[in-house]
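Visitor: Hi! Could you walk me through this one?
Guide: Happy to. Let's have a look together.

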Amino acid sequence: MVNPLAILGTPTRVYKRHQPGARYFGCGERTGELEKTGTHQLFWNIDPPRGHTALQNNLYVSIPFTMVMADGQAWGLFLDSPARVEFDLAHEDPQRSWFGAENGDLVYYVFCGPTPQAVLERYTELTGRTPLPPLWSLGNGQSRFSYETAEEVRALARAFRERDIPCDTLYLDIDCLDGYRVFTWDNTRFPDPEGLLSELREMGFHVVCIVDAGVKVDENYEVYTEGRERDLYCKTPQGDDYQNAVWPGVCVFPDFTNPQARAWWGDLHQGLLDAGIMGIWSDMNEPALFIPLNSTMPSDVIHPGDGKARLHTQVHNAYGSLMVQAAREGLLRLQPQQRPFVISRSGYAGVQRHALIWTGDNSSTWEHLAMSLTQLLNLGLSGVGWAGADVGGFYGDTSGELLTRWTEFGIFQPFCRNHSEKQTRHQEPWVFGEPYTSTIRDLLKLRQRLLPYLYTLFEECHHTGAPLLRPLFWHYPEDTDTYGASDQFLCGDALLVAPITHPGAEYRHVYLPAGTWFHYWAGERFEGPAHILAHAPLGQPALYIRANTAIPFWPAMNYVGQAPADPLTLILYPASGSGNAALYEDTGDGYAYIEGEYARRTILCECDEKQIRVILGEQEGTFVPTCQRLHLELREVLTTPAEINLDDQPIAWYYDHEQRRVSINLAATANEQTIEVLFA
């Protein structure tokens with residue numbers, strides 16, 4: 001028996017003077033306003049009650065990190081404790097802030113800037129960065145709690161293909177399991193999982209299966225008995241296996257602080273992989289318990305670990321991270337040539353090394369649509385660049401308008417998935433009829449066309465920690481007007497997105513920071529900084545493209561690999577000045593890129609009154625892209641060019657007067673190419 005008091009530390013706080021003008025951001029998974037100055041932040045992972053609002057301070061993920069902006073410069077602070085942590089960000093006293101942990105050593109790091117990029121690069125150098133994902137995982141996903149039979153899943157897959165709606169990934173929730181026992185199949189509902197998954201694979205789908213944290217107490221269940229015999233479960237203070245109820249009934253819970261338990265758990269995924277499962281969805285890993293409802297493990301539960309026992313209160317926030325670490329490491333052992341795909345609901349600082357985060361059980365309300373923007377931005381500012389909120393909302397009934405508006409935001413999320421609860425109305429893209437079906441189809445096709453742009457951003461995230469979704473101050477730290485922009489964001493450095501988050505609205509305020517911006521749908525040009533009223537009818541979110549920044553587009557397709565990505569289209573809005581962009585490509589899976597099998601190039605655009613010059617830089621790396629042709633599309637060119645040359649030689653081109661577009665077709669090559677568009 002372990003004496004809990006013998007291993008429990010004491011609460012500790014550190015007080016700091018609040019610098020006048022300092023403004024706080026980040027703090028992990030947070031709703032409400034983007035800025036957190038003047039607030040009290042609690043870091044303690046929970047499964048929040050159904051229908052939680054922005055007043056719910058702590059959610060599924062705890063990352064005690066804050067990025068501070070002051071006088072146009074950035075710095076960061078990270079308190080490394082998986083116990084209960086609190087930040088007071090000039091809330092009690094506007095002259096000072098404090099941070100503290102409930103128990104254990106107080107270890108904290110300060111990261112110098114001066115830019116947000118430098119802060120996050122140093123923070124993720126410490127806590128880890130997002131692995132390069134498999135390319136297919138960036139496509140659209142469809143889920144529900146639950147698709148209850150194999151035939152229902154087949155019908156779902158056929159419906160996507162027959163309706164010409166993009167979808168790469170289907171998700172299986174707990175109804176595919178035998179009595180909700182993890183790592184099993186319900187032989188009645190899913191009698192032939194290998195056959196089902198083979199059929200879906202031939203249709204271009206990847207399938208992800210759920211794995212919860214609880215293991216059912218059942219003497220006839222090998223997973224349970226093996227874990228018990230190896231003594232791998234959490235304990236009561238009296239030394240018994242700790243038990244509580246979740247979906248399968250009475251369960252025990254692996255002690256993921258124990259490396260042996262993590263290795264055992266990882267190896268248990270072998271059967272799912274053999275059946276054809278391509279990804280793992282780790283859920284209920286706060287851990288969430290049913291007795292009492294929406295509770296978690298008592299503080300005095302013991303984690304025996306690897307010989308150094310800890311109380312649950314000391315490691316609580318890390319439980320989900322340790323679970324997905326076990327899953328990822330297991331997948332790497334079992335399928336070393338494939339990039340693991342692991343999704344988690346819970347986590348702690350550094351969870352980005354092992355899994356993406358989805359923001360849990362949201363609600364089908366306009367409030368939750370608006371909340372999801374700041375959740376993802378704050379996660380990104382806290383090192384978790386791969387994240388997403390359930391499109392359409394989980395609890396409650398969505399509507400055609402809400403689903404469409406949520407999809408307008410969802411296509412720019414790093415993780416794009418539609419998910420809903422079983423007692424709600426279905427919300428697949430076609431459920432609400434026209435005009436919603438066609439509008440959602442077009443939006444998802446835009447997502448699919450943007451995959452080369454998003455994949456390039458993921459490669460940047462992998463190397464620097466930079467999130468895909470960025471608050472405006474990320475690139476404009478000296479512009480304090482960007483600090484309060486909670487309802488719009490940058491996707492990379494070239495796209496500015498301002499979703500509609502209210503019913504019946506077609507117009508909204510948008511703030512455009514310094515530079516030249518073009519409205520994607522209408523081509524209208526704006527000079528920032530500027531406050532504008534944007535028209536955003538259904539299906540056309542307020543989307544602006546930075547001038548002189550090339551955006552790579554694939555041809556339209558409904559899943560990764562459906563057809564060759566040929567030609568690759570570079571869309572560019574030229575304006576006086578210059579800009580550059582990057583394009584990264586590789587095999588889309590595996591690890592050949594580590595040995596140099598990748599293709600990276602820069603695209604520079606320089607403009608003045610007399611000419612537009614586009615330089616496609618020489619390719620770095622040995623990967624040979626599949627596309628044989630490049631299509632360069634210069635938009636909002638107001639006059640007909642006099643001539644266009646490729647490397648000083650005339651080339652064929654076409655100018656569309658009505659669309660104000662110059663079209664140039666090029667052969668794809670690894671060499672540098674210079675295109676000059678000259679005007680009289």
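Predicted model: local features only at pLDDT ≥ 70, side-chain atom pairs only at ≥ 80, totals over all residues.

Visitor: Which residues sit on each side of β5?
Guide: Phe65, Met67 and Met69 are on one side, with Thr66, Val68 and Ala70 on the other, and all are buried. In a regular strand the side chains alternate between the two faces of the sheet.

Visitor: What's the strand order in the sheet of 4 strands?
Guide: The order is β2-β5-β6-β9, in an open sheet with antiparallel pairing. Two strands pair if DSSP finds at least two bridges between them.

Visitor: And which strands stand at the edges?
Guide: Those are β2 (23-26) and β9 (108-111); each has a single partner strand, so one side of each is left without a neighbour in the sheet. On average, neighbouring strands here are turned by 25° against each other, direction ignored. Such angles are taken between axes, which are lines fitted to C-alpha atoms (for helices over the stretch in contact), and run from 0 to 180 degrees between N-to-C directions.

Visitor: How many bridges join β5 to β6?
Guide: There are 6 bridges, and the two strands run antiparallel. They form a hairpin with 2 residues between them, and Asp71 in the turn has a positive phi of about 55°. Thr66 has Leu77 in β6 as a bridge partner, and Gly26 also stands opposite Thr66. Leu77 in turn is the bridge partner of Val110 in β9.

Visitor: New topic: helices! At what angle do α5 and α8 cross?
Guide: The axes of α5 (residues 259-267) and α8 (residues 319-334) cross at roughly 55° and come within 7 Å. That makes α5 oblique to α8. For such labels, angles under 35 degrees count as roughly parallel, over 145 as roughly antiparallel, 65 to 115 as roughly perpendicular and the rest as oblique.

Visitor: Which residues meet there?
Guide: On the α5 side they include Arg262, Ala263 and Trp265, and on the α8 side they include Leu322, Met323 and Gln325. Contact means heavy atoms within 4.5 Å.

Visitor: How many residues does the largest nonpolar core have?
Guide: It has 182 residues, and those with the most contacts inside it are Trp265 and Val614. A nonpolar core is a set of buried Ala, Val, Leu, Ile, Met, Phe, Trp, Tyr and Cys residues joined through side-chain atoms within 4.5 Å. Apart from it lies another core, of 16 residues, among them Leu496 and Tyr544.

Visitor: What does Val614 touch?
Guide: Leaving out residues up to four places away in sequence, Val614 touches Leu572, Ile603 and Gln673, among others.

Visitor: Is Gln673 buried or exposed?
Guide: Gln673 is buried, with a relative accessible area of 5%. You'll find Gln673 in strand β40 (residues 673-678).

Technical notes. Residues numbered from 1 in each chain as written. Heavy atoms only, no water. Buried < 20%, exposed > 50% of the residue type's maximum accessible area, 1.4 Å probe, protein only.
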